[in-house]
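Q: I would like to learn how to read charged pairs and nonpolar cores in a protein model. Could you take me through them slowly, with the structure in view?

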Amino acid sequence: MAWAPGYREWGPPAAFSSALACLWVRVIPSHGATQALVLPDACVDLMWQEGRGAFVAGPDTGPMPARLAPGTILVGARFRPGAGGPALGVPLSEMLNQRVDLPDLRRDLAGLPPAALVRARALG
């Protein structure tokens, strides 16, 4: 499956709508790197990136620069404000303005999902 460059988001599955604001994907064009500025929204995002694996972002108190290599695909679940900490079992204060690999945050979740996950499966 080929995904066009850009950003898309969808509503969360009904069973998770009290904790999740949305599911999203961002595809960086293969012809150039992108410097993005992530604006604060009081949310925590659980993300997967090919070659990196799962990591957690935010909440942020200010704009956070993000350099994304050509062809990068990010798949994410955005928690509603205040819901990320309880869902991940970590105080929000420990995630403030940070990007933390999931195994560093929760060793019991190491390798879920794996960094080598096939793109079609990650996006399917």
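A: Let us begin with accessibility, which sorts residues into buried (under 20% relative accessible area), exposed (over 50%) and partly exposed (in between), using a 1.4 Å probe and protein chains only. At 46% relative accessibility, Glu 9 counts as partly exposed, whereas Arg 78 has a relative accessible area of 16% and is buried.

Q: What should I know about the model and its numbering?

A: This is a predicted model, in which local features need pLDDT of at least 70 and side-chain atom pairs count only at pLDDT 80 or more, while totals for chains, interfaces and linings use all residues. Residues are numbered from 1 along each chain as its sequence is written, and side-chain values use heavy atoms, with hydrogens and water left out.

Q: How many salt bridges does a search of the whole structure find?

A: A salt bridge is a side-chain nitrogen of Lys or Arg within 4 Å of a carboxyl oxygen of Asp or Glu, and the search finds five of them. In one, Arg 78 pairs with Glu 9, with the closest N and O atoms 3.6 Å apart. Arg 78 lies in strand β7 (residues 73–79) and Glu 9 in strand β1 (residues 6–10), so the pair ties together parts that are 69 residues apart in sequence. Strands (E, at least two residues) and helices (H or I, at least four) are DSSP runs, numbered from the N terminus.

Q: Which residues are linked with Arg 78 in a network of salt bridges?

A: The network links Arg 78 with Glu 9, Asp 41 and Asp 45. The side chains of Arg 78 and Asp 45 meet at 3.1 Å, N to O, and both residues are buried.

Q: Where do Asp 60 and Arg 99 lie?

A: Asp 60 and Arg 99 form a salt bridge of 2.8 Å, N to O. Asp 60 is in the loop between β5 (53–57) and β6 (64–68), and Arg 99 is in strand β8 (residues 99–101), 39 residues apart. Asp 60 is buried at 12% relative accessibility, while Arg 99, at 30%, is partly exposed.

Q: How many residues has the largest nonpolar core?

A: A nonpolar core is a set of buried Ala, Val, Leu, Ile, Met, Phe, Trp, Tyr and Cys residues joined through side-chain atoms within 4.5 Å. The largest has 13 residues, and those with the most contacts inside it include Val 44, Val 56 and Phe 79. Apart from this core lies another, of eight residues, among them Cys 22, Ile 28, Ala 57 and Leu 68.
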